[in-house]
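Please read the following report alongside the sequence and the coordinates.

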Amino acid sequence: MNNIQFLNVLPHVFQAPPTIPEGASSDLKPGLPARVSPSGDERGATSDIWLHDISFERGRHYLIEADSGRGKSTFCSYILGYRHDYTGQVLFDGRDARQYSVADWSKLRQRHVSCLFQELRLFPELTAFENVDIKNKLTHHKSRQQIEQWFERLGIADKLTAKVGRMSFGQQQRVALMRALVQPFDFLLADEPISHLDDRNAGIMAALLKEEADSQGASVIATSIGKRLPLAYDIILRL
């Protein structure tokens, strides 16, 4: 997959309510706040993505910055096919995402798009290694030795057999990164990947992510509400 396009996309939740003609009755309940259009909020901020035409190209690295509640995780969900509540079009190599079958989405997630979720989605009852290996057994993308070297490099080699539910969130973020990397991908989505990491560990994590992406000629699309994954970005966008 070489590109992902967002053409005039707008989440339904951000769409303004319909205009009610003067004198007409309304079914809207009193006291509900008006929805804020992403074209600008009370501070005059604008979006580079919503209601614009933008293309994400394989091999380039992107940072998407946003305030909380501006749709970062929603954006990732549209690319992964978990949500379709938007107007406009999301295209993969020119093909509309709304034409994708269940099998198409499965292939996309297995071969083309990987994701480090903000909420991590790890199995707390499994060990750190098992959380990575359970996916690697499906993809056969890395050897056990390579995965153990990642644990060492990320500073959690002593957590190989620790239950994830007993690890700190920052440690879990590193496990989630490794799980995202044990598959082929053209694009890797990293949704606030270093929110609980210090600068040193964030740098180590970013270096590993970049090496794996570059080895596949892939793109990294990272999101942030303030703490940036330290990469050399080709394009920085505001959501």
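The report begins with the model and its confidence, and then turns to the cores and to single elements.

This is a predicted model, in which local features need pLDDT of at least 70 and side-chain atom pairs count only at pLDDT 80 or more, while totals for chains, interfaces and linings use all residues. Residues are numbered from 1 along each chain as its sequence is written, and side-chain values use heavy atoms, with hydrogens and water left out.

The pLDDT, the predictor's confidence in each residue on a scale from 0 to 100, has a mean of 91 over the protein chain, and 88% of the residues reach 70 or more. Over residues 28-45 the pLDDT is below 50, and this stretch has 20 contacts in the model beyond near neighbours in sequence, a contact being heavy atoms within 4.5 Å. Where pLDDT is low, the predicted coordinates should not be read in detail.

The protein chain holds six helices and nine strands, which are DSSP runs numbered from the N terminus (helices H or I, at least four residues; strands E, at least two). Of its 239 residues, 47% count as buried, where buried means under 20% relative accessible area, exposed over 50%, and partly exposed in between (1.4 Å probe, protein chains only). Among contacts with a separation of 6 or more, 79% come from residues 24 or more positions apart.

A nonpolar core is a set of buried Ala, Val, Leu, Ile, Met, Phe, Trp, Tyr and Cys residues joined through side-chain atoms within 4.5 Å. The largest one has 40 residues, of which Phe151, Val175, Met178 and Leu229 touch the most other members.

A second, separate core of 33 residues includes Ala66, Tyr100, Leu108 and Val113.

Not counting residues up to four places away in sequence, valine 175 touches Leu122, Ala128, Asn131, Val132, Ile156 and Met167. Isoleucine 134 lies in helix 3 and counts as partly exposed because its relative accessibility is 40%. With the same exclusion of residues up to four places away, isoleucine 134 touches Phe123 and Leu126.

Helix 1 (residues 72-80) is largely enclosed by the rest of the structure, because eight of its nine residues are buried; among them are Lys72, Phe75 and Tyr78. Just after helix 1, glycine 81 takes a positive phi of about 80 degrees.
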